[in-house]
Amino acid sequence: MSLNCYFASLGCDKNLVDTEKMMALLRDDGVIFTVDPAEAEVIIVNTCAFVLDAKEESIETIIELAEYKKTGKCKALIAAGCLAQRYSEEIRTEIPEIDAVIGTSGYDDISKAVDQVIKGERVELLKDTAYLPKHLTKRVITGSGAVNYLKIAEGCDKHCSYCIIPKLRGSYRSVPMDELVEEAALLAEKGTKELILVAQETTVYGVDIYGKKSLPELLEKLNAIDGIEWIRIMYCYPEEITEELLLAMKSLPKVCHYLDLPIQHCDDDILKRMGRRTDEKDIRDKIDLIRHILPDATLRTTIISGFPGESEDAHNKLLDFVKDIKFDRLGVFAYSIEEGTPAAEFDDQIDEKLKIKRADEIMLTQKEIISAENKRFIGKTMSVFTEGFLPEDNCYIGRTYRDAPDIDGYVFFESDNNLMSGDIVKVYIENANDYDLKGRETS
């Protein structure tokens, strides 16, 4: 197929991996990619439908790009991913310019779908969500190349009451370890220095195909790959973190002492209503264990504010919990009603303004915590992963192991050397603000 194709990848990093694999399949069939949708004969939008804002962004993007069927060269408009899986009939009815919808488990047939729509056919690929798309080790890298995500599993078995993911992505299915190692090695050959492990939940990797939690073994194999310098783990449910995993992190030099723990709340009643499989004591005990084995561990969490039934006491308890635990990184979301989830039917929904007010209070508390925390790094020398140069500020920008890309803070630093993205250098920290550090490269 000699076609120009434009991709819009929305939503999470896991979606981005799917996009890059679709691009690799199309590239192997002769498709050429363009960054200008006006020049594209095929436009593909890999959509998100996790929360209301994501759904709205997906719909707006499709509508915007559909205009190129009138003003550009577009012959085929394809909607893929979560929104296509969940609302295939609705979006095709409301946006008749769409020629094909491809669900979350159908991306390995993208070449077939493009071929069919170019021939004038309308296509719907909505495979059973129990299907695990044929694993592809090849990808078209869309970022700098120095940092890449490795999706180690698909789907989720947790069925939290607020979350639609199991309906969109199916049950938990681990990708075989040898295929992940092959993919990671190919990424390293292309210049990847930081490898970030992602899934709806990383900590139960392997249970479905190996009969046990196999993340420690996978980390050991990835740690042995030449070229990879940092390995970061995201989406770790606290109740699934084991001592074995923490000891593996401690012993493997490339694994960052960084854990992303989406606790969502600390109040036992709210956790139960959320369908979470833990309580405040378990969370505190697990954090104590992490900090005992990995004293330098950076802990990130996410919290949902204003969940149905959250009383003022429960909110204040959460505030006190955040102050007490002092998470190194924290994100908070005002609860979003998702149709099709049990929580959407709860009759004690919280007023929207109150949800936002409570979320703001949590973030203000966290800002004070991290501002004080950052000051303790002044006068220290830290390893920094270079991301690029800011000519307007005449300085480089990078991250320590304590910061995941796009969601955490940065280090702004001066250097007399000509650095490239992915270079890891020593930086003496001279100053700090609320979220970022400033310094100078030192020998």
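The points below concern selected features of a predicted model.

1. Six strands, in the order 2-1-3-4-5-6, form an open sheet with parallel pairing. Its edges are taken by strand 2 (32-33) and strand 6 (123-125); each has a single partner strand, so one side of each is left without a neighbour in the sheet.

2. Strands 1 and 2. The pairing of strand 1 with strand 2 is parallel and runs over 2 bridges. Within this pairing, C5 stands opposite F33 in strand 2.

3. Residue L3. This residue belongs to the segment before strand 1 (4-9). L3 counts as buried because its relative accessible area is 8%, and the cut-off for that class is under 20%. Beyond its neighbours within four places in sequence, L3 is in contact with G30, V31, I32, E41, V42, V114 and I118. As for G120, it lies 117 residues from L3 in sequence, while the C-alpha to C-alpha separation of the two is 15 Å.

4. Partners of strand 13. Strand 12 (residues 255-264) pairs with strand 13 in the parallel sense over 5 bridges, and D260 stands opposite R300 in this pairing. Strand 14 (residues 329-334) also pairs with strand 13 in the parallel sense, over 6 bridges. There, I304 has F333 of strand 14 as its bridge partner.

5. Which hand does the β-α-β unit of strand 13, helix 14 and strand 14 have? The unit is right-handed, and its helix 14 comprises residues 312-325.

6. Cavities. The model contains 4 cavities of 30 Å³ or more. The second largest cavity has a volume of about 50 Å³. Its lining consists of R329, N374, F377, T400, R402, D403, Y410, V411, Y435 and L437. By class, this lining has 5 nonpolar, 2 polar and 3 charged residues. One of the lining residues, R329, falls in strand 14 (residues 329-334), the strand that pairs with strand 13.

Key. Residues are numbered from 1 along each chain as its sequence is written. This is a predicted model: local features need pLDDT of at least 70, side-chain atom pairs count only at pLDDT 80 or more; totals for chains, interfaces and linings use all residues. Side-chain values use heavy atoms; hydrogens and water are left out. Helices (H or I, at least four residues) and strands (E, at least two) are DSSP runs, numbered from the N terminus. Buried means under 20% relative accessible area, exposed over 50%, partly exposed in between (1.4 Å probe, protein chains only). Contact means heavy atoms within 4.5 Å. Two strands pair if DSSP finds at least two bridges between them. A crossover is right-handed if, with the strands pointing away from the viewer, the path from the first strand over the helix to the second runs clockwise. On a 1 Å grid over the protein atoms alone, a cavity is a set of points where a 1.4 Å probe fits but cannot get out, and a pocket is an open set with protein on both sides within 12 Å along at least five of seven lines; lining residues have an atom within 4 Å of a point. Grid points are joined across faces, edges and corners, and a volume is the space filled by probe spheres set on the points. Ala, Val, Leu, Ile, Met, Phe, Trp, Tyr, Cys and Pro count as nonpolar, Asp, Glu, Lys and Arg as charged, and the others, Gly among them, as polar.
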